[in-house]
Amino acid sequence: GSDWVYEEEFSIAKAFFWSPDSKKIAFYTFDESNVKEYNMQMWGQLYPEDYKFKYPKAGEENSKIDISVFHLDDAKKVAVDLGSATDIYIPRVYWTADNALLSVVRMNRLQNKLEILHANVEDGQTDVILTEESDTYVDINFTDDLTYLKNGNGFLRTSEKDGYKHIYHHDMEGKQLRQITSGAWEANRLVGIDEDKKQIYYVSTEDSPLQRQLYTIKLNGKGKKKLSKASGTHSVNMSNDYSYYINYHSSKDTPTKVSLHEAPSGKQTKVLEDNKALSSKLEKYALGSKEFFTFDSEGTELNGYIIKPADFDENKKYPVLMYVYGGPGSQQVLDNFGSAREAWFHYLAQEGIIVACIDNRGTGARGKAFKHVTYAQLGKHEVADQINGAKHLRGLEYVDADRIGIWGWSYGGYMSSLALFLGADIFKSAIAVAPVTNWRFYDTIYTERYLKRPQENESGYDDFSPLTHATKLEGNFLLIHGTGDDNVHFQNSVELQDALINANKQFDSFYYPNKNHGIYGGNTTSHLYEMMSKFLIENLADASK
């Protein structure tokens, strides 16, 4: 298995890979000896236990990585030459179609240079066949889009290098043969490549950043065709021979529908799940509407949604709760059917609180410039956008300008804390769940990708840290964290409490013993949402306060 930070930020849990002919295994070795330990107390017995694990915080030492290939035939182990620099990342390892050739993706510590290495598995010798650099960071795109063609005709990859995420075809020497998709939209995910028919399937934002539609295009970049029909969000699972795919579709008004389709025609052959039971159950409830809107923030048009109560009266003045995540490349405002959290938003609307959500600059699906504008200074533009969003909402006839709140979890808790402190004249209340309060406390891979190391960019870490602005708290603040959070450490909330106490600020806080970043298990979820509901109804819905 991998170390903590590779699993969390590069999505690597299984750190070994079988060759196509099953005669070799490529694998990672993690030397964690210089990685510092984080110590967490686990409660529930007479003497609480220390739970220690290796966790590299921003600017600290990472594991040293080695890649090796084990040959099953003669039990020989070959080390892959990863170069002389050791403070590097190997986010991906792939076998090519050639059993003697391994592909290794190498990145520098700052993640602004990505290289593809081809390794000879007999002697471990490597050649750098492709280099991509950026003056911000090269996004490794968590979906595994680097695909080697089985016939040896090179590989396909995605890159943001022209300003939007698109699909490229390279030969085995790394030379670019062609850019297959292009335009002011993103080829969000490479779904599959039918080599026999020279047909590529991908999900894209071409219709709208709020949608995900399935397209097909020829390997030569011609014959682009949209296969999905309904507006909304589609995700696709293709059969191994690319003759069929399962399509999962939802929109803001329709729950997920699962259907089977023929490829490449896109013809639907069967509905696998229509979710009729859920649809008819929902009809029994008076649910409010979810509407999309746009507004201008510092010259950039941003997307949002608003959830109003079913008995909405435009002559009344409603409080508003803004929901924020806001982290790099994320997206909350999508034309899809909401999760359980959205059901809670409808409950709040029923209690007289309108819920709104805005995707600030730095979020995904809108190209590189929009996403990378927050580079080296997380918090600045994102919070400005949320404050401007609140100002936009205040301008609506039916919104009570004195009763605007904001809440978020994780990156969203970082955002809601900052918004309340920096927007003291705009926001009346905020809830932060498991927030990052200074990026110095978070892990190397994620944090340094966007902020560089604290040694190189102190102001980027401190200027927009909630700890720096705790003295500005005016409204009602509820701070919540699980003490067993191995990801965003409880330390974040302890330090923020300390800063607020030192500033002589009154606030509410709550901890969940031994609970991790998701804060769930047993009664925990219902306890958490009941507590947040009470806080919001008391501090936002009650107009007398």
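Which residue in S5 is the bridge partner of phenylalanine 27? In S5, that partner is serine 68.

This is a predicted model, in which local features need pLDDT of at least 70, side-chain atom pairs count only at pLDDT 80 or more, and totals for chains, interfaces and linings use all residues. Residues are numbered from 1 along each chain as its sequence is written, and side-chain values use heavy atoms, with hydrogens and water left out.

View 1. Strands (E, at least two residues) and helices (H or I, at least four residues) are DSSP runs, numbered from the N terminus. Two strands pair if DSSP finds at least two bridges between them. S1 and S2 run antiparallel and are joined by three bridges. Phenylalanine 16 stands opposite phenylalanine 27 in S2. The hairpin of S1 and S2 has five residues between the strands, and serine 22 in this hairpin takes a positive phi near 60°. S2 is also joined to strand S5 (residues 64–71) by eight bridges, again in an antiparallel run.

View 2. Lysine 36 is found in the loop between strand S2 (24–31) and strand S3 (37–42). Its relative accessible area is 52%, so lysine 36 is exposed. Buried means under 20% relative accessible area, exposed over 50%, and partly exposed in between (1.4 Å probe, protein chains only). Leaving aside residues up to four places away in sequence, lysine 36 touches Phe53, Lys54, Tyr55 and Glu60. Contact means heavy atoms within 4.5 Å.

**View 3. Phenylalanine 16 in its strand.** Phenylalanine 16 is found in strand S1 (residues 16–18). Phenylalanine 16 counts as partly exposed because its relative accessibility is 37%.

**View 4. The open sheet of eight strands.** The strand order is S23-S24-S26-S25-S27-S28-S29-S30, with mixed pairing. Strand S23 (290–297) and strand S30 (508–512) are the edge strands, each pairing on one side only. From one strand to the next, the twist averages 20°. Axes are lines fitted to C-alpha atoms, for helices over the stretch in contact, and angles run from 0 to 180 degrees between N-to-C directions.

**View 5. Strands S25 and S27, with helix H9.** Strand S25 (residues 318–324) and strand S27 (residues 399–409) run parallel, joined by six bridges. Leucine 321 has glycine 405 in S27 as its bridge partner. Helix H9 (residues 491–502) packs on the sheet and touches strand S29 (476–482) and S30. The direction of H9 makes about 150° with that of S29.
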